[in-house]
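Subject: Structure for your review

Dear colleague,

Please find below the structure that I am handing over to you. My notes on what was found in it follow directly after.

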Amino acid sequence: MTELTTKYLRDEKARGTSCPGCGLRPAHLKVLEAIDRLGISQADIVWGTGIGCSGRQTYATWKGDTFAGTHGRVYAMATGLRLALAPEKKIILTVGDGDAYTIGLQHLLNCARRNVGVTVVVLDNLGYQSTGGQYSITTPEGSVTDSSPRGTWEQNWAGSGLDILNVIKEAGATFIARHTVLQGDAVVSSLEKAIQNPGFSLVQIVYPCVSHFGVQALGTRNIPQVYTWFESYPLATGILQDSIGSRPEFSEAFRQQNKKVKKGNQDV
Amino acid sequence: MRRIFDTGNAAICEGAIFAGCRVFAGYPITPATEIAENMARRLPEEDGFYLQAEDEIAALHICNGASLGGLKAMTATSGPGYILFADAFGWALSSEIPVVIINSQRVGPVSGITGAPGQGEFYLSRYLAHGGNYETIVLAPASVQEAFLLTVRAFYLSERFRTPVTILADQMVTDGWETLELPESEEEAQNMDLQRWERKVHPGPDFYPPTDAIDIPPVVLGHNTGGACSDWTPTLQGHDTEDFELHHKHAWRLIHKILSHRELIDDAEEWEVEDAEIILVAYGTPSRVVKSAVQEGRAKGLRIGGIRLISLWPFQDRLFKRKASYLVVELNWDGQLVKEVQRAARGSAVHFWGRCGELPSVKELLATAEQIKEGKTLSRDAWKTERW
């Protein structure tokens, strides 16, 4: 328990539920650190989550208002919620690689296209780990997992020269960053920029799952060994897109648009 | 009173706006497209938001999100889009977030025939969410005017029960043109028995109390109440839990908040049922033919009556306790409402008259009633089986 968790997390959830060596907890704390540095009050943040390790384990941890969406649809929910919230309220979503990049991609891309004022934090544990370890679109190519006993062979978005973040960039996201959980201050700094963006931000924080990915793909549960491998895993990190302010934020633009409409007296 | 000539689709929009709906997200689909088009025109005039969603999955999730932030929201679709609502419907139902869903039924299964009426989603409207452990409210208009009235009621009930309310219409109700009367003052609204319920914010911390009480405000985010809301089984505070007893409390609330306050939901019209030997049963557009058949049948000396269901779910078993022969008239070939009537009318003979895409005629219904009276087996051609 740290000062941050006491300040921001609900008592009964403050301890966290992730496995030994998991990067979920440190990544989660980095989001709290960014909020703390920005000095945003609890009242001004609504925290949503998806499904999977990242969603389930961060749901209802935030002391303030919080919600969990159905798998992959939280971006559509945030789009509606954005219309109802005051502009100064921030929406932060902690989701997984499966939630954001596969089951929810349609909604994620449209959320980026609309430049909805929301910060999507993708806590990427390199696969579907809450169901016991199956490959996802970000699992390193060739990895043995429970659903790829002979190693993955399909091209995915973590190798083959393909990068999902390019797709999200083309969809119109105004801030995109990728970091590993080991990048300390740089992660917090990107999260600060993301949260300050009035429009759509996505920050991907990558960490290895020790319990499943470590055991299945790397053949070890030894935490230092898993992280030694992870340090040499090639990932393009840093800020990949910063066009904050280049496009109007969705709900703000919507209100401006509505102001142009001549108000009839058609209601009773 | 403003009197206009318009469609059921337009009536639904006016009902929604009267009830305070400020967000509509949808995806165009025949025969509900004009609801989206009307809302696109009308909502900005009321400082509301019309969104064309990327699909129906997003449409209802956007509405859920808006409602979660305190805005009343509605979406509309037909069969192929309705099935995509399943995910978000379950979320709103379990999280207890008010939202209104319109389904204008066309001919199925699946894409079927687009521009003709069907009644194939009677059971789906009851069981759209997976996992069971709930009751739900479904209303069925039979005219343009009633489409307006029931949309207002749907919003009212969705707020008081904090649950999604479904309007199960059909293509003829939504596409059909009729005279529509709209109130122009509070007095006129009261005379029309229109009720509205303002959104309130639950102050916390026990957002999910183990009670069958209604009028408990839903979780509304953005007020720093510590609102916690998800489709996981909730603790009293809305945290996720795997505890069976807490789950039982949750399911109990979802079921009994509806069943304990049925007087606010149950609605039906009965014609000449007191001494009837044969009672025709229908909802939606076919019920209008049933009404005419009862009038003409009585004129011919038949002891015939009719029941029109206005609320479909929870099902009104009490309406079928009279000893009589029931003839259930539906716009489908498989017979859905008839199964529920059979269950409710135990001890009475229950027959089925089905067709899809077009309405029965009064003549056909009366001829069938005569056959029942004479104790004949009901069947026309082999492929038009209606033996029950």
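In this predicted model, chain A has a secondary structure of eleven helices and seven strands. Its radius of gyration is 19 Å, close to the 18 Å that the globule rule gives for 268 residues, so chain A is as compact as a globular protein of that length. The C-alpha trace of chain A spans about 70 × 40 × 35 Å along its principal axes. Buried residues make up 51% of the 268 in chain A. Of the contacts in chain A between residues at least 6 apart in sequence, 70% join residues at least 24 apart.

One helix pair in chain A deserves a description. Two packed helices are described by the angle between their axes and the distance between the axes. For helix α2 (residues 24-38) and helix α8 (residues 184-196) of chain A, the axes come within 8 Å and cross at roughly 60°. The two helices, α2(A) and α8(A), are therefore oblique to each other, and their crossing is right-handed. On the α2(A) side, the residues that meet α8(A) are A:Lys30, A:Val31, A:Glu33, A:Ala34, A:Ile35, A:Arg37 and A:Leu38. Their counterparts in α8(A) are A:Val187, A:Val188, A:Leu191, A:Glu192, A:Ile195 and A:Gln196. By class, this contact of α2(A) with α8(A) comprises eight nonpolar, one polar and four charged residues.

Some backbone features also call for your attention. In chain B, the peptide bond from B:Thr30 to B:Pro31 is cis, with omega near 5°; B:Pro31 is placed in the loop between β2 (21-26) and α2 (33-42) of that chain. A cis peptide bond also joins B:Gly108 and B:Pro109, where omega is about 10°. B:Pro109 lies in the loop between β5 (99-107) and β6 (113-117) of chain B.

With kind regards

Note on methods: Residues are numbered from 1 along each chain as its sequence is written. Chains are lettered from A and ligands numbered from 1 in the order in which they are written. This is a predicted model: local features need pLDDT of at least 70, side-chain atom pairs count only at pLDDT 80 or more; totals for chains, interfaces and linings use all residues. Helices (H or I, at least four residues) and strands (E, at least two) are DSSP runs, numbered from the N terminus. The radius of gyration is taken over C-alpha atoms; the globule rule is 2.2 Å times the number of residues to the power 0.38. A residue is buried if 20 or more other C-beta atoms lie within 10 Å of its own, exposed if 12 or fewer, and partly exposed in between; C-beta atoms are placed from the backbone. Two residues are in contact if their C-beta atoms, placed from the backbone, lie within 7 Å. Axes are lines fitted to C-alpha atoms, for helices over the stretch in contact, and angles run from 0 to 180 degrees between N-to-C directions. Angles under 35 degrees count as roughly parallel, over 145 as roughly antiparallel, 65 to 115 as roughly perpendicular and the rest as oblique. A crossing is left-handed if the near helix is turned anticlockwise from the far one by less than a right angle, and right-handed if clockwise. Ala, Val, Leu, Ile, Met, Phe, Trp, Tyr, Cys and Pro count as nonpolar, Asp, Glu, Lys and Arg as charged, and the others, Gly among them, as polar.
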